[in-house]
Amino acid sequence: MTTTNRTTGSTRAAHPTDRPSSALPGLARLAWSRTVFEVRAFFRERDAVVFVFVYPILMLAIFATVFGAEEELLPGSGVYFPQYFLPGMVATGVMLSSFQNLAISIAGERDDGTLKRLRSTPLPATAYFLGKTGQVLVTAGVQTALLLAVAALVFDVPLPTEPGRWWTFAWVFVLGTATGAVCGVAFSSVPRSGQSASPVVIPVVLVLQFVSGVFFAFDELPTWMQQAASAFPLKWMAQGMRSVFLPDEGAALEPAGSWQHGATAAVLAAWLVVALVVGVRTFSWRRRDDG
């Protein structure tokens, strides 16, 4: 192939570098750019920011005040109410930032045509979902840091000092956040419209909080409720977080008498895989009435 110089009329062999570049940036760069965009968009939604960030702190303050910050959960256990409720609030904060946030926001984006327009662009679908996941990790991290700071400074909750406990915190947090995010993407197809997303999603989150040992000591719940909660991720996230912030003696407060780290990882990973499969099969970029 040859090219012609319009000024001189001469011709020469075309070089591959003469072709206009239409290649997109790499997936990592696209995912990072999308994450930045999603984080900025999230913080523009002030109502969502206030609810996601303030709710766990407010609930911790209420329960610590009602049940007493100086009263042991179980005499002789060394575990006080604020210390026991903190792990549950960390877990529910992760669920708000991941599952609830994505299930509602993606349903809204589908309803207003944002997803349809995105699908018509060269942006890979993977970059879109990685951007959503990155936004969840950022917001959940900020939210958790604020919650831990308030717990330590206001309610004198002792934070772990052993590296092993922080390693447990890291893998439970990352795996729980990823699981919540993927479940949120899959569940976003359930609401029939953006307007119905909140009424559909929020009750599910509230019920799981009540049965998963977030608002009450898990071992004091009815056996059937414990068994039902054990089928869902929030119970295991809360239990995994209790193993981080409670002393070893606190394991006696669990129905199994141990922290069950292996079961925690297995259940969260299973939900991650199942939600990924369901999401791939059911996710739609268009409204139901849009063909």
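In this predicted model, Gln-239 touches Glu-254, Ser-258, Trp-259 and Gln-260, leaving aside residues up to four places away in sequence. Gln-239 itself sits in helix α9, which covers residues 233–245. With a relative accessibility of 0%, Gln-239 counts as buried.

Next comes the question of open space. Rolling a probe the size of a water molecule over the atoms shows where empty space is left. The largest pocket found this way holds about 590 Å³. Its lining is made up of 21 residues, and those nearest the centre are Glu-45, Ala-48, Asn-101, Ile-104 and Ser-105. Five helices are listed as giving two or more residues to this lining: α1 (27–44), α2 (46–67), α3 (81–111), α5 (125–154) and α7 (197–211). Helix α3 supplies the largest share, with 6 residues.

Side chains of opposite charge can pair when their charged atoms come close. The count here comes to 6 salt bridges. One of them joins Lys-132 to Glu-38, with the closest N and O atoms 3.2 Å apart. Lys-132 belongs to helix α5 and Glu-38 to helix α1, so this pair ties together parts of the chain that are 94 residues apart in sequence. Both Lys-132 and Glu-38 are buried.

Arg-165 turns up in two salt bridges, one with Glu-162 and another with Asp-248. In the pair with Glu-162, the N to O distance is 3.5 Å. For Asp-248 and Arg-165, the closest N and O atoms are 2.9 Å apart. Arg-165 counts as buried because its relative accessibility is 15%. Glu-162, at 38%, counts as partly exposed, and Asp-248 is exposed, with a relative accessible area of 56%. Elsewhere, salt bridges with shared partners bring Arg-34, Glu-38, Glu-109 and Lys-132 together in one network.

Then there are the aromatic rings. A pair of aromatic rings is described by the distance of the centres and the angle of the planes. The model has 19 aromatic pairs. Among them is a tilted pair formed by Phe-42 and Phe-53, 6.3 Å from centre to centre and with 45° between the planes. Phe-42 comes from helix α1 and Phe-53 from helix α2, so the pair ties together parts that are 11 residues apart in sequence. Phe-42 is buried, at a relative accessible area of 6%, and Phe-53 is buried as well, at 10%.

Phe-169 and Phe-173 make a stacked pair, because their planes are at 15° and their ring centres 5.8 Å apart. Both of these residues lie in helix α6, 4 residues apart, or about one turn of the helix. Phe-169 counts as buried at 13% relative accessibility, and Phe-173 is buried with a relative accessible area of 11%. Finally, Phe-63, Tyr-84, Phe-85, Phe-210 and Phe-215 gather into one aromatic cluster.

Key. Residues are numbered from 1 along each chain as its sequence is written. This is a predicted model: local features need pLDDT of at least 70, side-chain atom pairs count only at pLDDT 80 or more; totals for chains, interfaces and linings use all residues. Side-chain values use heavy atoms; hydrogens and water are left out. Buried means under 20% relative accessible area, exposed over 50%, partly exposed in between (1.4 Å probe, protein chains only). Contact means heavy atoms within 4.5 Å. On a 1 Å grid over the protein atoms alone, a cavity is a set of points where a 1.4 Å probe fits but cannot get out, and a pocket is an open set with protein on both sides within 12 Å along at least five of seven lines; lining residues have an atom within 4 Å of a point. Grid points are joined across faces, edges and corners, and a volume is the space filled by probe spheres set on the points. A salt bridge is a side-chain nitrogen of Lys or Arg within 4 Å of a carboxyl oxygen of Asp or Glu. Rings of Phe, Tyr and Trp (its six-membered ring) pair if their centres lie within 6.5 Å; planes under 30 degrees apart count as stacked, over 60 as edge-to-face and the rest as tilted.
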